[in-house]
Amino acid sequence: MWSSGFRWMFLILGTVIGAGYASGREIWQFFGAESGLAILLFTIFFMIACHVVLSLSRKLQSSHFSPVLEKLVGTKISKIYNVVMVIYLFATTAVMLAGGGAALQVFSIPYWAGIFIICFLLVILFVFGVNGMITVNSIIIPSIILILAFVLFRTAEISPDTLRSYVFQHHSNWPAAFTFTALNILPLVAVLSAIGKEVKTKGEILIASIGSGVILGVISLFYNETLLIVQSKIEFFEIPLFAIIQSYPYYMIFVMTLLLWVAIYTTAASGLLGLVTRFSGSLSIPLWVICLLLLLCMLPFTAFGFSVLVAILYPLFGLVNLYLLVCILLYPITNRKNWLEEMK
């Protein structure tokens, strides 16, 4: 139970901790000052969402997101969300490919060569199927969390009094909890729906839901506080994380740049997992071939560049996700009888 619970926990974390989160851009855009309550609410919403989606996936023994969406939003609306989900996963994975190419430019690797590298590694990953994806997350995500936590906690030590004041006194930005959770809800549904047949017990669902929520909540809290400490410098950096580590030795900048690229890779892999499992039932070809075909279709969109794609797509999908988030949070209440049955 514990082993499986941690596997799903790292899969969840790998889905959320992408380039936007690891770089600090999402944290700073949605939270900032007076967000103590917002981060607490986000943690609670996230745990509930993970628990509901995983429980439904286990009950339905799902291998892709369509049956889970149908349960959450109804048959008619699920048809719309099926299309939205495919577009979302396709678009955000294309964003990650562009980000992967842009990140490697720091190491003097050309943009298109960087995109080719990340595409090649993604195809190799899907040669090993869904288990390959889960195994990679189990190795990579703890490393990302530990390095990021080290940097944040070390920087936060500079001003511990500010952290205490921030957590207990400032709460006016609480609505950000809804939009930040909504931003991550579609990929979460896509990925967790793909492992329904693998989830065996209620215990592993609790471990994955609570564990991932607590880790994200604590990291988000310290990340946001650390960004507040250096907020006067953030406007000079496209990646807020670099405002935190600018005084660190060069090797730390190298490590953190590599961390961002790995976060991009895991997010791209999560998006592809949702897409590949969705189409695998109707296509009698190996998963890695479906992955390759999807990547070839995405390549033209990477010409727009990383920042342009993020600026256009993320706010749009954040609005679309709000309805799905509300359906997930209310599902145990609006479907009390079914929920009690599904929890057995």
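A polar contact is a pair of N or O atoms within 3.5 Å; within protein, one atom must be able to donate a hydrogen and the other to accept it, and residues adjacent in sequence count only if both atoms are side-chain atoms. The model is predicted, so local features need pLDDT of at least 70 and side-chain atom pairs count only at pLDDT 80 or more, while totals for chains, interfaces and linings use all residues. Residues are numbered from 1 along each chain as its sequence is written, and side-chain values use heavy atoms, leaving out hydrogens and water.

A polar contact of this kind is found at Thr 43, where a polar side-chain atom lies 2.8 Å from the backbone oxygen of Ile 39. Thr 43 belongs to helix H4 (residues 36–60); helices are DSSP runs of H or I with at least four residues, numbered from the N terminus. Is Thr 43 buried or exposed? With 11% relative accessibility, Thr 43 is buried (under 20% relative accessible area, with exposed meaning over 50% and partly exposed in between, for a 1.4 Å probe and protein chains only). Beyond its neighbours within four places in sequence, Thr 43 is in contact (heavy atoms within 4.5 Å) with Gly 213, Val 214 and Gly 217.

Glu 70, in helix H5 (residues 66–73), is partly exposed, at a relative accessible area of 41%. Once neighbours within four places in sequence are set aside, Glu 70 is in contact with Thr 75 and Ser 78. Asn 82 is 12 residues from Glu 70 in sequence, and their C-alpha atoms are 9.1 Å apart in space.

Technical notes:
Helix = DSSP H or I, 4+ residues; strand = E, 2+ residues; numbered from the N terminus.
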